[in-house]
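Dear colleague,

Please find below the structure that I am handing over to you, together with its sequence. My notes on what was found in it follow.

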Amino acid sequence: MRFSCDTNDLNASLSVVSRALAVRSPKPILEGILFESCDEGLRLTCTDLALGIETTIPATFIEEGRAVLPGKLLCEVVRKLPGGMCEISTSDRMQATIRCASSRTTITGFDPVEYPELPQVSGASFEMLQNTLRDMIGRTLFAVAVDESRPILTGCLMEIGRSEMRVVALDGFRLALRKESIEGPEQEVSAVVGGKVLGDIAKILSDSEEAVSLCFSRSHVKMNIGATHVVARLLEGEFIRYRQILPEEWQTRVCVSRAELSSAIDRASLIAREGKSNLVCFKIDGETLEVTSNSETGDMEEKMSVTTEGKDITIAFNVRYITDVLKALSDDEVFMRFNSNVSPCVICPTQSDSYLYLVLPVRVFGA
């Protein structure tokens, strides 16, 4: 195989496909990237068997063919090339030579015959805007579990109906839900996609109104993002029936400035993180919300004006869980809903129902 292409195009495509590069795999060939000629030019493919990414760039082929080159080394070599056009050629012994300007690099590849093909995916299909999907992932992904003891919770649940899509993540301490109106498929879909995979997909999606197409089979999801195709294996198992744990009523509701609350909690966290419990306490007394934290090294309190409906309440949370939720928001004001100091707090928008966050409190003696 022998071809030439623009170095910037090659570097950009390697950055995309290398997100699916296997690390320390028992199958060394999965640590490589497949190069092959196609009608569109050069096709690059990378897979770790859980995630596969394929993309194409323009290229001029002098000799068509296929080759698998070591991914990590290749990405580093191409990243440091001087720019302009580069030429890559491979020999029968799987030796690849990369020439760019006055630079020449030779690396040893793998036999492409052994490289696995990406799974074929057919099933329920629909399209949505890239920036919408990216936003839905970004506002929920932080709540997936990192503990592998319940693997199904390390992913996000995607529920797709004819007119609405929901993305849900929970780890046992908090829940994140984001929903959006869409033109969905005829057949409803419920699938769990791994959190790491979704994080990689979000980085490929652009912040634009260009379309991304999604297709779900029983075991995989495929996304077509421009010239890039992503195939991901779905997680197996039954997701928690999250609708049963969402409170339908509330005893106390507070309308608060997101920015003001976020700043107060940031300051409170400086003290809270010095203690063993890492707690922040909310005391709602009429139209005042008092934020406090304390540890062996000191304490902090800050009051802000809020609009309150219902009963006064004092409740405590792990400061990190509240901080993560506020970082995912962009609204000027949000509602915080409470039932008791041992029941979950619900954080939701004041003007819509596009998202909902649930955070479990920490039981504090005397609260």
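I347 stands opposite Y357 in β26. This pair belongs to a predicted model, as does everything else described in this message.

I347 is a residue of strand β25, from which C345, I347 and P349 point one way. V346 and C348 point the other way, and all of these residues are buried. Strand β25 covers residues 345-349, and because five of its five residues are buried, it is largely enclosed by the rest of the structure.

Strand β24 (residues 333-338) is joined to β25 by four bridges, and the two run antiparallel. Within this pairing, F335 has C348 as its bridge partner in β25. Six residues lie between β24 and β25, and the two strands form a hairpin. Strand β26 (residues 355-359) is also antiparallel to β25, and three bridges join them. β25 and β26 form a hairpin as well, with five residues between them.

**The chain as a whole**

The chain holds six helices and 26 strands. Taken along the principal axes, its C-alpha atoms fill a box of roughly 75 × 50 × 35 Å. Of the 367 residues in the chain, 52% are buried. Among contacts in the chain with a separation of 6 or more, 66% are between residues 24 or more positions apart.

The largest pocket contains about 330 Å³ of space. Its lining consists of 16 residues, and those that lie nearest its centre are A50, G194, V197, R233 and L235. Helix α4 (residues 195-204) gives the most to this lining, with four residues. By class, the lining of the largest pocket comprises six nonpolar, four polar and six charged residues.

The second largest pocket has a volume of about 290 Å³. It is lined by 18 residues, and V189, S190, A191, S217 and R218 lie nearest its centre. Here the element that gives the most to the lining is strand β14 (residues 189-194), with four residues. The lining of the second largest pocket has nine nonpolar, six polar and three charged residues.

T308 is found in strand β22, which spans residues 307-310. Its relative accessible area is 14%, so T308 counts as buried. A polar atom of the T308 side chain lies 2.6 Å from the backbone oxygen of G286. Leaving aside neighbours within four places in sequence, T308 is in contact with T252, R253 and V254, and also with I284, G286 and E287.

T323 lies in a helix, namely α6 (residues 319-327). T323 is buried too, because its relative accessible area is 13%, and the cut-off for a buried residue is under 20%. With its neighbours within four places in sequence left aside, T323 is in contact with I265 and D266.

Two residues may be of interest when you inspect the backbone. M94 has a positive phi of about 65°, although it is not a glycine. M94 is located in the loop between β7 (85-90) and β8 (95-100). Its relative accessibility is 25%, so M94 counts as partly exposed.

A101 is not a glycine either, yet it has a positive phi of about 55°. The loop between β8 and β9 (103-108) is where A101 is placed. A101 counts as exposed because its relative accessibility is 71%.

**Points to look at in the viewer**

The side chain of T308 and the backbone oxygen of G286 may be viewed together.

With kind regards

How values were computed: Residues are numbered from 1 along each chain as its sequence is written. This is a predicted model: local features need pLDDT of at least 70, side-chain atom pairs count only at pLDDT 80 or more; totals for chains, interfaces and linings use all residues. Side-chain values use heavy atoms; hydrogens and water are left out. On a 1 Å grid over the protein atoms alone, a cavity is a set of points where a 1.4 Å probe fits but cannot get out, and a pocket is an open set with protein on both sides within 12 Å along at least five of seven lines; lining residues have an atom within 4 Å of a point. Grid points are joined across faces, edges and corners, and a volume is the space filled by probe spheres set on the points. Ala, Val, Leu, Ile, Met, Phe, Trp, Tyr, Cys and Pro count as nonpolar, Asp, Glu, Lys and Arg as charged, and the others, Gly among them, as polar. Buried means under 20% relative accessible area, exposed over 50%, partly exposed in between (1.4 Å probe, protein chains only). A polar contact is a pair of N or O atoms within 3.5 Å; within protein, one must be able to donate a hydrogen and the other to accept it, and residues adjacent in sequence count only if both atoms are side-chain atoms. Contact means heavy atoms within 4.5 Å. Two strands pair if DSSP finds at least two bridges between them.
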